[in-house]
Amino acid sequence: MKEADPHRFYHDRFLKKAQRNSGKPRLMHGKVGWSSPSNIALVKYWGKCGDQIACNPSLSFSLDLSRTKTEIEYEYSSNDSGPSIDFFFEKDSKPDFEQRISKYLNRILPYFPFLKNFHLRISSENTFPHSSGIASSASSMSALALCICSMEQQIVGSVSSQSDFKKKASFMARLGSGSASRSVWDNFAVWGRTEVVFRSSDEIAVPLPFKVSPVFSNLKDSVLIVDDGPKIISSSSGHALMNDHPFAETRYQVARSNLNSMVRCLENGSYDEFVELVESEALMLHGLIVSSEGGYILIKPETLEIIEKIRWIRTNKGIPVCFTLDAGANVHLLYPEKHSRKVRKIVETELTDYCKNGQWIDDGMGSGPREITNR
Ligand code: DP6
């Protein structure tokens, strides 16, 4: 018997469902809305092998305050050349975003054929400063995917369990931005097939299927904003740098092994190993970026100053802080919530000097997306 393609299981399932549901719409107009968080990866996704499929599994936790709120008002149109859209970001039209969303909607159209008969008025806003350097594709694409899945429920009348709804949203979010697949869940999520996480998949992210040690149950993330300018390289071009990277294969092996170790840590509560893994993943990401063709350096002198301070504080003040980085200069300072008061003081007195205009966001692990409109 032919083995099922692990990259097409959900694809086939959602496509079949779309074919079954391509009848007359139950609703001609309505409104949906979701607030969805950004997330921070502890084991990083860096490199694509195929159509929005990561070359290694990644693990992250969803943030609490750094979110995108998206609402869609939809209206039936007898013209079936849609979906047509008007897009507003923080109340202004944004032609470049509108084009990206239009392209995305056309990409997911085979799964949601009803869309071709609808006009969508999409309004979006971020709860974090627009130019804070925080990755907004995870929050924005997950919010949009959740909205489209809610539209499907209203228009087609399909009912699914909360978990099936989230799986579908994760699949659709991934097609918009890989890291967005993880943002549909609260707390920790894993995207990418790995033998250590039951039912993990390359097509969707899944929540951790076990009880995480209380050591990690309420991690804080103080985001220290070193650079609030536009990115030097887009994440898609960044991932493409891995295609001919001399260390690519080794990286994917190390990432797999780090993910296995991270899952073990989260289960058994070994904080010291967690710190080692998290920092090594962050530095390896930048090591890969620096050693890519083009030799991009995305960190700034202030990033290094902060890293040194964090390590000094850990060693000399006994506060279990550690850092991670995205593909940029900002530093995510991670620590257990019970140290919040002390860390806040340290950030304010010793670290904001390195931040652009003293900016930082006092964020932490969050409870996932919230539905804000459904009528
Ligand atoms: C360094 O998800 O932004 O943040 O799939 O091209 O949209 P696209 O890339 P994206 O890449 C995120 C890269 C990262 C690591 C991570 O979040 O795992």
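Which helix provides the largest share of the shell around the ligand? That would be α5 (residues 235-240), with three residues. Helices here are DSSP runs of H or I with at least four residues, strands are runs of E with at least two, and both are numbered from the N terminus. The model is a predicted one, so to speak of local features takes a pLDDT of at least 70 and side-chain atom pairs count only at pLDDT 80 or more, while totals for chains, interfaces and linings use all residues. Residue numbers start from 1 along each chain as its sequence is written, and side-chain values rest on heavy atoms, with hydrogens and water left out.

Back to the ligand. There are 17 residues around it, and Y45, S177, G178, S179 and R182 come nearest; a residue is near when one of its heavy atoms lies within 4 Å. By type, the shell splits into five nonpolar, eight polar and four charged residues. In this count Ala, Val, Leu, Ile, Met, Phe, Trp, Tyr, Cys and Pro are nonpolar, Asp, Glu, Lys and Arg are charged, and the others, Gly among them, are polar.

On its own the ligand has 450 Å² of accessible area, and the protein covers 94% of that. Accessible areas come from the Shrake-Rupley method with a 1.4 Å probe, and for residues only the protein chains shown count as cover.

K44 is buried, at a relative accessible area of 3%; buried means under 20%, exposed over 50%, and partly exposed in between (1.4 Å probe, protein chains only). The side chain of K44 makes a polar contact with the side chain of T324 at 2.9 Å, and also reaches the backbone oxygen of L325 at 2.7 Å. A polar contact is a pair of N or O atoms within 3.5 Å; within protein, one must be able to donate a hydrogen and the other to accept it, and residues adjacent in sequence count only if both atoms are side-chain atoms. Leaving aside residues up to four places away in sequence, K44 touches N56, S58, R251, E281, A282, L285, T324, L325 and D326, where contact means heavy atoms within 4.5 Å.

Helix α9 (residues 340-351) has V343, I346, V347 and L351 as its buried residues. Seen down the axis of α9, these fall within an arc of 105°, so they line one face of the helix; the arc is taken from the directions from the helix axis to the C-beta atoms. The face turned away from that buried side carries the exposed R341, K342, K345 and T349. Among the elements covering the buried residues of α9 are β8 (219-224), α8 (301-317), β10 (331-336) and β11 (360-364).

Most residues other than glycine have a negative phi, and most peptide bonds are trans. The peptide bond from G82 to P83 is cis, with omega near 5°, and P83 belongs to the loop between β2 (58-76) and β3 (84-89). E90, not a glycine, has a positive phi of about 45°; E90 is in the loop between β3 and β4 (92-93) and is partly exposed at 32% relative accessibility. R199 also shows a positive phi, near 65°. R199 lies in the loop between β6 (188-191) and β7 (205-207) and counts as exposed, at 60% relative accessibility.
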